[in-house]
Amino acid sequence: DGCGHTVLGPESGTLASINYPQTSPNSTVCEWEIRVKPGQRIQLKFGDFDIDDSDSCHSSYLRVHNGIGPTRTEIGKYCGFGFQMGGLITSKSNEVTVQFMSGTHTSGRGFLAAYSTTDKSDLITCLDNASHFSEPEFNKYCPAGCVIPFADISGTIPHGYRDSSSLCMAGVHAGVVSNTLGGQINVVISKGIPYYEGSLANNVTSKVGPLSTSLFTFKTSGCYGTLGMESGVIPDAQITASSILEWSDQTGQVNIWKPENARLKRVGPPWAAFISDEHQWLQIDLNKEKRITGIITTGSTLAEYYYYVSAYRILYSDDAQKWTVYREPGMDKDKIFQGNTELYQEVRNNFIPPIIARFFRINPLKWHQKIAMKVELLGCQFSIGRAPKITMPPPPQNKNVDKNDDFSDDFIHSVKTSLQTDKTTFTPEIKNTTVTPSVTKDVALAAVLVPVLVMVFTTLILILVCAWHWRNRKKKTEGTYDLPYWDRAGWWKGMKQFLPTKSAEHEETPVRYSSSEISHLRPREVPTMLQTESAEYAQPLVGGIVGTLHQRSTFKPEEGKEASYADLDPYNSPIQEVYHAYAEPLPITGPEYATPIIMDMSSHPSTPLGVPSVSTFKAAGNQAPPLVGTYNKLLSRTDSTSSAQALYDTPKGQPGPGAADELVYQVPQSVAHSTGSKDE
């Protein structure tokens with residue numbers, strides 16, 4: 001008399017002491033004998049354990065044994081308030097005896113435990129909820145018997161369940177596990193919602209729940225779509241019934257509650273049977289075999305007609321001739337489904353395992369006032385790699401036909417009949433739902449080829465982009481001018497500041513410019529180019545002005561060794577005669593370099609002092625070029641040993657000394673100036 005909630009399934013189950021979770025009564029005892037398939041072992045897990053230990057487990061305790069009967073051996077004896085079992089209790093065989101003894105005590109809830117075969121390593125109990133686990137997604141095994149009156153759930157599918165709900169009880173409500181069998185659940189945790197709806201499903205009532213921080217849902221196979229009652233995919237001709245309620249109201253209008261009215265959420269009256277007894281049925285032809293996973297029912301949905309079905313059986317068939325009553329695996333009794341408790345509420349029941357059939361029939365067993373209902377079927381297309389069955393019609397009774405002699409005729413007749421009648425499972429559409437073995441291979445091959453092709457195309461695109469970028473960068477680096485000639489001097493000038501000062505003996509070879517390198521430039525670009533600072537040669541020293549050696553030269557350097565840039569000004573040296581640092585001008589037939597005007601000054605009289613010289617050369621920086629009021633002589637070194645005076649202050653082709661006031665002297669200027677000039 002000490003046994004409480006108990007469900008012993010073939011592979012798992014749940015057991016609790018009497019009156020759990022309230023205080024167990026005194027002087028009670030209960031024994032549970034648990035058996036699983038031979039060759040398997042049993043594991044026991046406690047969800048709650050609270051047994052009085054005031055007398056050191058003498059009168060109140062829980063004892064677990066290996067085996068059943070007199071030959072059983074004890075595994076352990078347990079008692080204590082709030083006792084935390086460290087792990088699972090595992091048997092050595094496929095049989096276990098659990099004994100609960102309650103002596104004299106004043107407190108103690110007793111216990112609740114779950115069991116399963118040892119291959120279910122992730123076993124949980126009916127008391128576990130989502131808040132006990134921190135993972136965002138996890139798999140657990142729920143034992144049978146988790147529809148318990150002392151556990152609550154809030155929510156429904158597809159919106160989710162409140163995190164305080166029992167995981168296994170919510171799994172039964174959602175239709176992912178069976179209360180009589182248990183099963184695996186795949187749980188996904190997500191953010192909570194402000195309000196949780198309540199509903200009745202699979203004999204579990206979900207209550208309305210308030211806001212919570214998180215909720216959980218279940219991953220399923222996805223075979224829970226509607227099969228066409230509400231949408232009208234199933235035509236009226238394929239919905240039939242045992243009888244139809246037909247009657248006239250007070251106004252004389254005839255009301256016919258036909259089978260086609262039994263569509264869920266359809267406005268108007270439902271289907272109703274003419275006679276309310278246990279022999280009535282509503283039948284739906286799905287036109288071909290389908291996988292049926294659930295059913296949703298309502299009552300009449302008419303306030304003035306308070307009719308509904310509160311319990312029913314399910315039958316199914318392939319040919320509408322031979323019917324099978326739905327039973328859960330391992331059970332020898334028909335499954336009785338709980339129906340509606342009022343005329344409006346939608347009540348869902350799931351089939352675990354699913355029903356595979358073409359014809360589906362509902363047989364009401366209990367009802368309120370009259371049998372009346374609206375329904376919708378849940379499921380999906382059925383696909384299996386097997387040949388369709390061919391139903392052989394029975395031979396006519398008025399003919400004595402030998403089956404062995406006329407087998408061929410009967411076979412041909414059966415094939416013709418299967419193509420012309422609805423009372424068979426053989427239809428041409430069965431080919432559309434057959435899955436061939438090559439589908440799996442194609443999927444696996446595609447899973448390998450798609451990533452490889454993506455990587456190959458990505459690599460080719462990267463190579464093309466890099467090549468295009470390198471080519472553009474090369475063109476940009478070379479620029480309009482030839483890189484080895486026009487930019488090499490500028491590069492060397494930038495690097496030269498990091499090197500020590502060179503002597504004249506180790507001076508680098510000067511850069512020379514040929515006519516072929518300049519002639520391709522437009523005339524307007526030549527003077528601009530010649531004024532840049534990328535060359536190694538400075539302005540010529542003219543008119544007493546000492547140019548900076550780092551300015552671009554428009555003269556061809558002299559052959560051979562040059563004076564070092566670090567040398568002192570050659571014009572101020574009193575020790576030796578130093579010639580001008582630049583070589584002779586190019587011949588007239590040479591390239592278009594700016595050529596100095598060379599004149600023999602022996603025929604020119606001296607020009608009065610004080611006449612300013614005007615420069616047409618741009619001075620370095622923003623300063624205006626200084627004016628020098630004296631004539632200066634420039635010694636030009638030629639191949640001959642003779643020296644000539646090259647004067648830049650007399651324009652070519654202008655009058656001689658007699659027109660001194662009208663002359664404008666063209667003197668190249670530079671940044672650096674020498675206050676005096678030294679005449680040779």
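A: What follows goes through the disulfides of this predicted model. The search of the whole structure turns up five disulfides. Counting bonded cysteines along the chain, their pattern is 1-2, 3-4, 5-7, 6-8, 9-10.

Cys 3 is bonded to Cys 30, with an S to S distance of 1.5 Å. The link is right-handed, with 90° about the S-S bond. Cys 3 has 38% relative accessibility and counts as partly exposed, whereas Cys 30, at 3%, counts as buried.

Another disulfide is formed by Cys 142 and Cys 168, whose sulfur atoms are 2.2 Å apart. It links distant parts of the chain, 26 residues apart: Cys 142 is in strand E10 (residues 137–142) and Cys 168 in helix H1 (residues 167–174). Its S-S torsion is about -90°, so the disulfide is left-handed. Cys 142 is buried at 1% relative accessibility, and Cys 168 is buried at 1%.

Cys 223 and Cys 380 are also joined, S to S 1.9 Å. Here the distant parts are 157 residues apart: Cys 223 lies in the loop between strand E16 (214–218) and strand E17 (225–226), and Cys 380 in strand E27 (residues 372–381). The torsion about this S-S bond is about -95°, so the disulfide is left-handed. Cys 223 counts as buried at 5% relative accessibility, while Cys 380 is partly exposed at 24%.

Technical notes:
Residues are numbered from 1 along each chain as its sequence is written. This is a predicted model: local features need pLDDT of at least 70, side-chain atom pairs count only at pLDDT 80 or more; totals for chains, interfaces and linings use all residues. Side-chain values use heavy atoms; hydrogens and water are left out. A disulfide is a pair of cysteine sulfur atoms within 2.5 Å. Buried means under 20% relative accessible area, exposed over 50%, partly exposed in between (1.4 Å probe, protein chains only). Helices (H or I, at least four residues) and strands (E, at least two) are DSSP runs, numbered from the N terminus.
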